[in-house]
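I opened my notebook to look up how the parts of this model meet. Here is what I wrote down, entry by entry.

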Amino acid sequence: MEANIAVSSEIEETWNGGGPQPLGASYGKMMMWFFIVSDALTFSGFLAAYGLTRFKFIDSWPIADEVFTHIPFIHGNYPMIYVAFMTFVLIFSSVTMVLAVDAGHKMQKNKVAWYMFATIIGGLIFLGSQAWEWNTFIKGSYGAVKTTDGKILQFVKDGHQIALSDFVVGDRLDYREEHTRKNGLWFESGKALPQYSVAQIMASYKADPSIQIRSEQINADLKQKIVLSREKGLSELGKGKMVVEGADLKVNEYGNTIFADFFFFITGFHGFHVFSGILINIIIFFNVVLGTYEKRGHYEMVEKVGLYWHFVDLVWVFVFTFFYLV
Amino acid sequence: MAHAHESNTKRIWVVFGLLSVITIVEVFLGIEKYDSLHLTSFFGTSPLNWIFILLTLLKAYYITWAFMHMEGEKKALRRSVVWSAVFLICYLVTLLLIEGGYLYSTLAPLVKW
């Protein structure tokens with residue numbers, strides 16, 4: 001038995017960085033690299049699946065610039081600005097993290113603590129931004145009509161997408177009303193009724209000749225969604241089945257259902273990594289403040305969570321490119 | 001430890017500057033979307049997409065090498081991490097993208113627009 005154990009396990013220093021150092025890396029660091037490689041492959045699997053699906057629907061995939069266009073507190077069309085801001089926040093929190101590691105090498109306890117604190121704040125800002133981004137995505141901003149053959153019809157005026165509320169007028173025409181508790185003896189809650197009905201949208205479309213319908217299909221030469229003629233639009237709208245506002249896992253106003261599914265899944269999985277990273281950073285922060293690593297004689301623990309934190313940043317760089325840029 | 005622990009503060013800020021500049025360039029190109037880069041094709045996709053992908057890989061290099069301190073690790077550790085990941089990812093992405101293209105060519109004719 002003894003022969004199988006390279007170093008006596010009686011030395012309880014696993015959490016101390018570990019004794020034997022193959023490849024010059026301590027046990028803990030090595031295990032962090034193992035984890036990072038496997039997690040990198042997990043994320044690659046997600047992004048590659050996204051790539052496959054996008055290639056499968058290459059002629060109708062939503063254009064990111066038309067989906068992510070909002071900045072908090074500011075009205076208007078600003079594609080990409082906010083995600084770029086999020087990227088900066090994450091890169092900057094990576095910088096403070098690496099500065100914490102650097103200060104750790106010099107055994108400067110206070111500096112390590114402050115840099116860890118800054119890193120945690122950066123992580124929280126990122127997570128908050130992502131929550132806001134999700135909220136905007138789920139609520140939607142324009143609304144669309146889904147047809148019986150599963151296509152999403154959006155509305156444009158003068159080449160710009162407009163919201164349903166910008167042109168829909170009149171009555172619902174389908175005599176439906178949302179069922180509320182006060183209206184019946186036996187109340188069963190159903191799906192919330194959209195603000196407008198398909199018939200109402202149809203009537204408003206007919207009434208206003210400046211409104212056109214944009215299909216999901218992309219003009220490959222111009223890389224823009226094809227806008228239908230008034231007549232073609234009317235016949236497509238005739239197939240209208242339901243009004244879609246915002247996004248959930250089954251249907252969304254941006255286009256392919258699976259586009260929103262991937263958005264939720266990939267950014268959600270990444271956001272969960274950020275969330276766990278913040279928790280781990282908080283634990284390490286308190287350990288630094290309590291002087292745990294000062295007593296231990298080195299700050300390798302900070303270095304190890306640093307690796308994880310940088311990895312989360314690394315993943316975001318790829319998500320940013322493949323979700324928002326390419 | 002295999003590597004010396006000299007202070008790297010200056011390098012950290014230089015790398016931060018580089019990463020910021022790359023991100024700004026990406027966002028700028030993404031907003032401008034020059035037709036000559038966006039609407040032309042080069043090796044299967046637009047030159048703009050290639051620029052984005054190359055800049056992303058450059059960012060990934062700086063994050064891994066400078067922030068994750070890969071440059072200070074032993075060559076064997078570096079290679080076992082980077083080579084295995086890069087190889088497997090290239091393999092997976094190539095197969096899946098080819099397959100995605102095939103699905104499109106098979107299914108697209110069935111969709112009536």
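**Entry: the two domains of chain A**

I began with salt bridges, taking one as a side-chain nitrogen of Lys or Arg within 4 Å of a carboxyl oxygen of Asp or Glu. Between domain 1 of chain A and domain 2 of chain A I found one salt bridge. Arg214(A) and Glu66(A) meet through their side chains in a salt bridge, at 3.4 Å from N to O. By class, the side of domain 1 of chain A that touches domain 2 of chain A holds five nonpolar, one polar and three charged residues. For these classes I counted Ala, Val, Leu, Ile, Met, Phe, Trp, Tyr, Cys and Pro as nonpolar, Asp, Glu, Lys and Arg as charged, and the others, Gly among them, as polar.

I then noted the bounds, which come from an automatic or database domain assignment: domain 1 is 13-140 + 259-325 and domain 2 is 144-245 in chain A. Over C-alpha atoms, the centres of domain 1 of chain A and domain 2 of chain A are 39 Å apart.

**Entry: a note on the source**

The model is predicted, with local features needing pLDDT of at least 70 and side-chain atom pairs counting only at pLDDT 80 or more, while totals for chains, interfaces and linings use all residues. Residues are numbered from 1 along each chain as its sequence is written, chains are lettered from A and ligands numbered from 1 in the order in which they are written, and side-chain values use heavy atoms, with hydrogens and water left out.

**Entry: area between the domains**

Domain 1 of chain A and domain 2 of chain A bury about 590 Å² between them (accessible area, 1.4 Å probe, lost on being put together and summed over both). Carbon and sulfur atoms hold 44% of that area. In domain 1 of chain A, the residues losing the most area to domain 2 of chain A are Asp59(A), Ile63(A) and Glu66(A), together 59% of what that side buries.

**Entry: chain B against chain A**

How much area is buried between chain B and chain A? I read about 5100 Å², with 76% of it from carbon and sulfur atoms. In chain B, Phe67(B), Met68(B) and Trp113(B) lose the most area to chain A, together 16% of what that side buries.

I counted two salt bridges between chain B and chain A. One of them joins Asp65(A) and Lys33(B), with the closest N and O atoms 3.0 Å apart.

Note on methods: Buried area is the accessible area (1.4 Å probe) that two parts lose on being put together, summed over both.
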